[in-house]
Amino acid sequence: MTLQQTIAEYLKYTGQKGLDISAALIDCDGVLYDSMKYHTQAWVKLMKKNGIKCTRDEFYELEGMTGSEIIKMKFKQGAGKNITDDEARALYGVKTRYFTELGEAPVMPGAKRVLETLKDADVERVLVTGSQQDVLLERIEKDFPGLFGEVKVTGHDVRKGKPNPEPFLKGMAKSEKKPNQCIVIENAPLGVQAAHAAGCFTIGVTTGPIPEKDLYKAGADLVYKNMDELAAALPSLLVALSLVKA
């Protein structure tokens with residue numbers, strides 16, 4: 001399928017008459033940072049310490065949910081235990097400690113180029129992440145100076161994490177945008193599913209073990225192999241999107 005056909009397909013299934021892209025809603029883990037390998041390791045350690053069998057691959061599939069949601073689900077499935085909000089917060093604190101002990105996650109190659117391209121095109125950059133890891137979120141201004149504004153949505157701001165569209169709907173509301181004014185950059189099926197449900201043109205990047213086909217199945221309009229490939233393609237993609245005016 002050509003890029004023009006992909007855009008036409010997006011307009012058809014959303015019922016939009018055109019596009020006016022002025023914001024990019026951008027995930028954090030696996031997009032800005034190569035951090036999922038640390039998250040999955042910390043999750044497995046937490047679960048095994050509590051007698052719950054699991055694999056790291058399970059947590060790649062759950063990326064985008066809030067920490068509390070993951071804890072409640074996994075303890076229910078693995079131990080038949082209903083976790084309270086207070087217990088979930090305490091357990092998430094332990095998981096955060098495990099994550100921090102692994103050291104700083106590296107910046108994802110290509111991420112800065114993507115943000116710079118969006119800024120040069122006057123496309124607002126809005127962080128939309130299920131993460132509640134303050135140690136990572138606080139790094140963003142240092143690692144990407146001047147490339148994000150004040151508008152952001154994190155796991156602290158939503159009642160329902162991805163795949164619920166609430167994070168992206170809240171990101172659009174905060175930035176005063178409509179779905180046909182936004183692109184989303186995501187690396188996880190649940191995040192792609194949430195962005196698709198919110199009606200945004202959704203770009204997937206396969207920065208982890210999740211295959212391309214799973215991102216398309218979740219609703220991605222386009223999928224790139226990594227952030228470097230997206231950075232190279234982004235200027236022409238933004239031009240193509242700008243030609244389809246409402």
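Predicted model: local features only at pLDDT ≥ 70, side-chain atom pairs only at ≥ 80, totals over all residues.
Residues are numbered from 1 along each chain as its sequence is written, and side-chain values use heavy atoms, with hydrogens and water left out.

**The chain as a whole**

The protein chain has twelve helices and six strands. These are DSSP runs numbered from the N terminus: helices are H or I with at least four residues, strands are E with at least two. The C-alpha atoms fill a box of roughly 55 × 35 × 30 Å along the principal axes. For 246 residues, a compact globule would have a radius of gyration near 18 Å, and the chain's 18 Å agrees with that. That radius is taken over C-alpha atoms, and the globule rule is 2.2 Å times the number of residues to the power 0.38. Buried residues make up 53% of the 246. Of the contacts (heavy atoms within 4.5 Å) with a separation of 6 or more, 67% are between residues 24 or more positions apart.

Six strands form an open sheet in the order 3-2-1-4-5-6, with parallel pairing. Its edges are strand 3 (152–153) and strand 6 (222–224), each of which pairs on one side only. Two strands count as paired if DSSP finds at least two bridges between them. In general, strands of a sheet pair through backbone hydrogen bonds, either parallel or antiparallel. Here are some of the pairs, each with residues that stand opposite one another.

| Strand pair | Bridges | Residues opposite |
|---|---|---|
| Strand 2 and strand 3, parallel | two bridges | Leu127 and Lys152 |
| Strand 4 and strand 5, parallel | four bridges | Ile185 and Ile203 |

Strand 5 (residues 201–205) is mostly covered, with five of its five residues buried. Phe201, Ile203 and Val205 point one way from this strand, Thr202 and Gly204 point the other way, and all are buried.

Strand 4, helix 10 (residues 189–197) and strand 5 make a right-handed one. Strand 5, helix 11 (residues 212–218) and strand 6 make another that is right-handed. Right-handed is used in this sense: with the strands pointing away from the viewer, the path from the first strand over the helix to the second runs clockwise.

Helix 9 (residues 166–175) lies across strand 1 (23–26), strand 2, strand 3 and strand 4 (182–186), and runs at about 145 degrees to strand 2. For that angle, axes are lines fitted to C-alpha atoms, for helices over the stretch in contact, and angles run from 0 to 180 degrees between N-to-C directions.

**A buried tryptophan**

Trp43 sits in helix 2 (residues 36–49). Its relative accessibility is 5%, so Trp43 counts as buried. Leaving aside neighbours within four places in sequence, Trp43 is in contact with Phe59, Gly67, Ile70, Ile71, Tyr92 and Lys95. Lys95 is 52 residues away along the chain, yet its C-alpha atom and that of Trp43 are separated by 6.3 Å.

Most residues other than glycine have a negative phi, and most peptide bonds are trans. Asp122 is not a glycine, but has a positive phi of about 60 degrees. Asp122 lies in the loop between helix 6 (111–120) and strand 2, and is exposed, with a relative accessible area of 65%. Glu176 likewise has a positive phi of about 60 degrees without being a glycine. You'll find Glu176 in the loop between helix 9 and strand 4, and at 71% relative accessibility, Glu176 counts as exposed.

Then there's a peptide bond to check out: the one from Lys162 to Pro163 is cis, with omega near 20 degrees. Pro163 lies in the loop between strand 3 and helix 9.

Definitions and conventions: Buried < 20%, exposed > 50% of the residue type's maximum accessible area, 1.4 Å probe, protein only.
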